[in-house]
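Dear colleague,

Please find below the structure that I am handing over to you. My notes on what was found in it follow directly after.

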Amino acid sequence: MNPIISFIMSKKFIPVLILLILAGLFIGYGVKGKSDADPRTKYEKILHNVGIVLEQGHYSPKKIDDKFSQEVLKKFVSDLDPDKYIFLQQDIDGFKKYENRIDDEIHGAPLQSFDAISKVYLKRIDEVSASYQEILKHPFDFKKDESLQTNADKRTFPKTVEERSDYGRKRLKYFVLVRYVDLQEQRDSATDKKEAAKADSTLQREAVEVVSKQMKRYFETLKNHNSSDDLFSSFVNAITSTMDPHTTYFAPVDKRTFDEMLSGTFYGIGAQLMEKDGKITISSLITGMPAWKTNEITPGDEIIKVGEGDAAPVDVTGYAVTDAVKLIRGEKEGSIVKLTLKKADGSVKVVPIARGKISLDDTFARSAVINNNGHKIGYIYLPEFYANFDDPSGRRAATDVAKEVQKLKDAHVEGIIMDLRGNGGGSLQDVVDMVGLFVKGGPVVQVKGRDGEPSVLSDRAKEVLYSGPLAVMVDELSASASEIFAAAIQDYHRGIIIGSSTYGKGTVQRNVSLDPQAENPFFSHPAEGLGDVKLTFKKFYRINGGTTQLKGVTPDILIPDRLENAKLREKDNPDALAWDQIPKAQYTLWNPGYSYSSVIASVNNDISNNIDFKEIQKQVNLLDSYQDEPTPLNIDKYKQMQQNIREAAKKLDKYSKSPTLLKVTTLAPDSLAMQGDTAKISKQETFLKTISNDLYIDETVKTLEKVIGEKQLAEASK
């Protein structure tokens with residue numbers, strides 16, 4: 001279904017957790033000269049200091065000139081009004097006076113653009129928020145043949161208040177239509193006689209009442225998050241993200257919240273939320289955490305209501321993510337929170353979840369054995385490249401993966417699958433060490449700052465822990481450290497990379513305070529609590545010389561999946577840094593005694609003729625086609641569209657599951673360690689079940705079986 005509400009997004013969400021940790025302090029470049037004017041207000045000082053950091057510290061800084069200023073203005077306006085519903089065209093025309101000024105303000109000129117644009121924005125928000133109640137007073141004609149174009153790229157800003165009002169009427173009509181149809185479906189399936197006897201007019205009135213409350217709450221929330229500081233943070237982030245998508249400004253209060261989130265312990269469900277067009281949706285689940293354990297929640301689910309135990313649930317439509325999180329988190333472990341979710345097929349489900357202590361304990365590497373066609377294949381799932389930097393004896397991804405590999409070797413597996421799907425990155429040292437488990441002593445990745453020669457990071461292992469057939473699974477959300485691992489394995493010809501093209505994040509960030517610190521060479525004035533900039537200051541390059549930035553890693557075997565067409569990757573952001581290359585490092589290709597090339601060609605041919613993958617691609621394309629189509633506001637056409645979407649979603653679920661269940665077993669040492677622990681046993685059963693019906697794991701198993709066959713032929717011919 002097309003997205004609808006998107007009044008304001010201070011930052012585009014990228015559903016990838018990147019925490020690349022590099023040793024050493026950030027090296028500054030020193031202040032080169034002085035601005036023409038000393039900044040006077042706090043906002044001007046922040047802007048001035050941000051400019052210094054960007055120009056003198058960024059890996060590949062764009063010139064902060066009139067062109068840059070024009071891009072910032074466009075982005076700030078788009079961030080405030082992505083749906084082109086708040087501003088009028090006359091406002092946009094009026095803002096043009098600032099399109100060549102923002103660069104001057106960064107360099108010290110008095111700040112005028114932010115104040116002027118914010119003033120107009122707040123005025124227009126008041127106008128729009130005052131109009132919805134009058135519109136909802138009049139009944140909607142759901143038999144009228146009209147539609148709503150929600151793709152802002154296909155619309156212009158309204159030229160008049162009347163034009164904006166008409167668009168507002170249509171969007172409110174859509175909100176009511178969605179609720180009205182949902183209520184009809186609930187009535188038609190109700191067992192309660194009173195509910196089943198409700199007339200359509202009653203349901204429509206109830207739908208209007210619900211939407212009215214939602215809109216009131218939405219605008220209240222919006223205004224609460226439109227303080228001057230909030231809007232200024234959005235303005236500065238329009239500047240930093242124009243430099244590149246991962247350079248970000250944190251106001252002091254945001255930085256404190258961020259630090260508390262990373263270091264604190266809380267009781268929650270273990271799900272990451274995002275605001276998508278005014279809706280709170282699940283963006284990802286933490287493996288092993290309460291939401292994941294339910295096996296009923298998937299990324300993309302919309303959270304409609306949040307209930308505390310048996311109390312009446314709170315409708316969170318229109319809530320900010322931070323406000324929804326406050327309701328979902330609790331004070332005690334085991335307390336129940338009930339989420340009312342709207343699934344991709346339009347169905348509504350209430351899922352009770354027992355809150356748990358959220359930590360990284362359940363994101364560690366884990367393994368299993370897949371028995372198929374007389375072969376034993378080892379499977380390792382690594383959700384992130386974790387490391388406890390505060391505890392030298394703490395758990396690390398490379399150390400844990402080494403243990404899992406050894407257990408699989410002891411079980412005499414014939415091949416190993418390393419699953420890095422959804423792995424957004426983590427510790428750089430751990431990815432280097434992990435490559436060393438499979439490749440003997442050599443370079444893994446090259447790291448380069450904006451000045452100077454690249455440094456080559458090599459693994460330190462003198463011996464290879466595992467030398468047998470290897471496959472690495474990746475997808476669109478495999479990013480950063482995951483891409484370094486996959487790229488190294490591919491460049492060495494050590495194993496086969498299988499899945500979809502990876503995210504394409506090949507940049508490194510470090511927090512730089514806008515206040516003076518011992519390690520901060522930029523500023524000399526007294527500290528004033530100006531915030532921080534998470535600054536892109538280095539770039540990763542493969543050992544073959546190409547960067548992982550933008551292009552990511554293209555698998556040897558490409559498999560279509562449901563996110564293949566989604567605009568999620570780095571390349572989908574127009575401000576992403578470019579792909580480039582440097583001289584390759586010196587390394588020796590892996591020689592297993594047989595060739596992967598014939599297997600890759602054979603599997604790619606099989607996939608191109610595979611009915612399941614053809615159907616997945618067909619249904620994905622069908623669902624994508626609805627994203628750009630205008631949404632019908634005629635009830636019959638709307639219901640037909642919803643029916644088509646549900647059917648496509650069901651088919652996609654059907655074809656995404658393995659036609660035959662794989663036989664997956666727990667390794668003996670793990671079974672022994674879990675004895676008597678019902679929670680761990682239950683978690684392991686879910687883990688094994690997930691593996692058993694995964695179509696992509698099934699295809700990877702088949703690929704490794706062909707590699708094993710090549711190995712056996714090579715050994716027999718000796």
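A residue is called buried when its relative accessible area is under 20%. Tyr596, at 8% relative accessibility, therefore counts as buried. Please bear in mind throughout that this is a predicted model.

Tyr596 has an aromatic neighbour that deserves a note. Tyr594 is also buried, its relative accessible area being 12%. The ring centres of Tyr594 and Tyr596 lie 5.9 Å apart with the planes at 80°, so the two form an edge-to-face pair.

Over the whole structure, the search finds 23 aromatic pairs. One of them joins Phe438 and Phe485, again edge-to-face, with 6.0 Å from centre to centre and 80° between the planes. Phe438 belongs to the loop between α14 (428-435) and β14 (443-449), whereas Phe485 is part of helix α15; the pair therefore ties together parts that are 47 residues apart in sequence. Phe438 and Phe485 are both buried. Elsewhere, a single aromatic cluster is formed by Tyr43, Phe76, Phe114, Phe232 and Phe235.

The charged end of Arg494 is found over the ring of Trp590, at 4.4 Å from the ring centre. Likewise, Lys551 has its charged end over the ring of Trp579, here 4.0 Å from the centre.

How many of the residues of strand β16 are buried? The count is 5 of the 5 in residues 470-474, so the strand is largely enclosed by the rest of the structure. Cover is present on both faces: Leu470, Val472 and Val474 are buried on one side, and Ala471 and Met473 are buried on the other.

Strand β16 has pairing partners in β13 and β17. With strand β13 (residues 415-419), the pairing is parallel and runs over 4 bridges; within it, Asp419 stands opposite Met473 of β16. With strand β17 (residues 496-499), β16 likewise pairs in the parallel sense over 4 bridges, and Ile496 in β17 is the bridge partner of Ala471. Between β16 and β17 the chain passes through helix α15 (residues 481-491), giving a right-handed β-α-β crossover.

With kind regards

Definitions and conventions
Residues are numbered from 1 along each chain as its sequence is written. This is a predicted model: local features need pLDDT of at least 70, side-chain atom pairs count only at pLDDT 80 or more; totals for chains, interfaces and linings use all residues. Side-chain values use heavy atoms; hydrogens and water are left out. Buried means under 20% relative accessible area, exposed over 50%, partly exposed in between (1.4 Å probe, protein chains only). Helices (H or I, at least four residues) and strands (E, at least two) are DSSP runs, numbered from the N terminus. Two strands pair if DSSP finds at least two bridges between them. A crossover is right-handed if, with the strands pointing away from the viewer, the path from the first strand over the helix to the second runs clockwise. Rings of Phe, Tyr and Trp (its six-membered ring) pair if their centres lie within 6.5 Å; planes under 30 degrees apart count as stacked, over 60 as edge-to-face and the rest as tilted. A charge sits over a ring if NZ of Lys or CZ of Arg is within 6 Å of the ring centre and within 35 degrees of the ring normal.
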